[in-house]
Protein chains: 2
Amino acid sequence: MNQLELVVNSLSRLPGLGKKSATRMAYWLLRSDNSFNKTLGEAIIELQEKIVSCSVCGNYTEEDPCPICTAHDRDRDLICVVEHPQDVMTIEATGEYKGLYHVLNGVLAPLDGVGPEELGLDRLVERTKDEGTKEIIMATNPTLEGDSTALYIVRLFQDEPVKVTRIATGLPVGGDMEYADRLSVARSLRARQDLAD
Amino acid sequence: MNQLELVVNSLSRLPGLGKKSATRMAYWLLRSDNSFNKTLGEAIIELQEKIVSCSVCGNYTEEDPCPICTAHDRDRDLICVVEHPQDVMTIEATGEYKGLYHVLNGVLAPLDGVGPEELGLDRLVERTKDEGTKEIIMATNPTLEGDSTALYIVRLFQDEPVKVTRIATGLPVGGDMEYADRLSVARSLRARQDLAD
């Protein structure tokens, strides 16, 4: 296997990249500035050395605890529970939320052997006690597994002095009623809001 | 900028990759086997060191001259002229062609300052004389520039003992008349073939 094939084959293992796109990229890299290739290659090699999981919230970070967990200007009464670290980035990008996070790194999936222990839910309960958390916002995905995990956590906290809420589901902004799936339409109707609010 | 952002920003400079896909890949790399990241990173860094242009045909290769130019079992009477090195790969993948190649690394584009000298067309003429080439197959893209370049080369060889042919244009296999552009349909009509052939 020559070097070009090695790059094509390695790139095509990345998610969402087929052989054709990988080939296009490899040829592009052949013509690109060599210092860029060096930057990209080293960045990939050093990625796992430099990034660790935050021991408090589970998010990826360069320093442990992560900058969000140690920030003084965030609302420490709120913890937003998400499935994956990239969900933190998605929520941060909205600028809408100023509380803390808790990354489960998965969802409850009994058939795949992922139970409350595997997700470290005890640690979440401990954490809310330590921090005096007032509200947990469940921001797992609106899927069967995400919904079940949210429901499980609601029950887990029913005797604790913590309110558990769930992010809204419905039609996406800019969405079209005609192309929306029935479940989203049904949920958007059920969760309808008074416009006078 | 942290290491994750560095990887995302670098990846999103690759052709056809947006910020979202790059982020998805970076998170995938964070969870992937560390030895894979090392392989990919090093392959990218070493790419330009290991791959050079063949001094005969202009294709990318690890040895100069390239394996196609030095092969004993190829038809040395034929030279297929293509725009880019990746076109060689595309044609090789068909298994249909057993001749040699000549990579222009571009097309004639007078407005962009690409003339016959920039494409090294003298070198192509010299090469056909040295090798006693019998036929040049113009496989530049069926675009305005690709067609003009093909026509220019036809004229360049009109006094040489070399036949210049052009790859066929028409409807792609599996294509649909309804969705084809008018030019392709027109060309497929003009270049119609006798089914008895």
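**Figure 1. The loop that holds Pro65(A) in the predicted model, between strand S2 (60–61) and helix H4 (67–70) of chain A.** The structure shown here and in the views that follow is a predicted model. Most peptide bonds are trans.

**Figure 2. Asn105(A) in the loop between S4 and H6 of chain A.** The backbone of Asn105(A) has a phi near 55°, which is a positive value in a residue other than glycine. Most residues other than glycine have a negative phi.

**Figure 3. The open sheet of chain A, with four strands in the order S4-S3-S5-S6 and parallel pairing.** From one strand to the next, the twist averages 25°. Strands S3 (residues 75–82) and S5 (residues 135–138) of chain A are joined in the parallel sense over four bridges, and along this pair Leu78(A) stands opposite Glu135(A) in S5(A). Helix H7 (residues 144–156) of chain A lies across S3, S5 and S6 of chain A, and runs at about 165° to S6(A).

**Figure 4. The four-stranded open sheet of chain B, in the order S4-S3-S5-S6 with parallel pairing.** Strand S4 (99–103) and strand S6 (163–166) of chain B each have a single partner strand and stand at the edges, so one side of each lacks a neighbour in the sheet. On average, neighbouring strands of this sheet are turned by 25° against each other, direction ignored. Between strand S3 (residues 75–82) and strand S5 (residues 135–138) of chain B, which run parallel, there are four bridges, and the residue opposite Val81(B) is Met138(B) in S5(B). Helix H6 (residues 121–131) of chain B packs on the sheet through S3, S4 and S5 of chain B, with its direction at about 160° to that of S4(B), whereas helix H7 (residues 144–156) of chain B lies across S3, S5 and S6 of chain B and runs at about 165° to S6(B).

**Figure 5. The largest pocket, with a volume of about 500 Å³.** The lining consists of 14 residues, and those that lie nearest the centre of the pocket are Cys80(A), Ile91(A), Thr94(A), Ala139(A) and Ile167(A). By class, the lining residues divide into eight nonpolar, four polar and two charged. Helix H5 (residues 85–94) of chain A gives the most to this lining, with four residues.

**Figure 6. The rotation axis that relates chain B to chain A, viewed around Gly41(B).** Chain B is superposed on chain A by a rotation of 180° with 0.0 Å of shift along the axis, at an RMSD of 0.1 Å; that is the relation of a two-fold axis. Of the residues of chain B, Gly41(B) comes closest to the rotation axis, with its C-alpha at 1.9 Å. The same surface serves both copies, in that 100% of the contact residues of chain B recur in chain A.

Key:
Residues numbered from 1 in each chain as written. Chains lettered and ligands numbered in written order. Predicted model: local features only at pLDDT ≥ 70, side-chain atom pairs only at ≥ 80, totals over all residues. Heavy atoms only, no water. Least-squares fit on C-alpha atoms with pLDDT ≥ 70 in both. Contact = heavy atoms within 4.5 Å. 1 Å grid on protein atoms, 1.4 Å probe; cavity = no way out; pocket = protein on both sides within 12 Å on 5 of 7 lines; lining within 4 Å. Points joined across faces, edges and corners; volume = space filled by probe spheres on them. Helix = DSSP H or I, 4+ residues; strand = E, 2+ residues; numbered from the N terminus. Nonpolar A, V, L, I, M, F, W, Y, C, P; charged D, E, K, R; others polar. Pairing = 2+ DSSP bridges. Axes fitted to C-alpha atoms, helices over the stretch in contact; angles between N-to-C directions.
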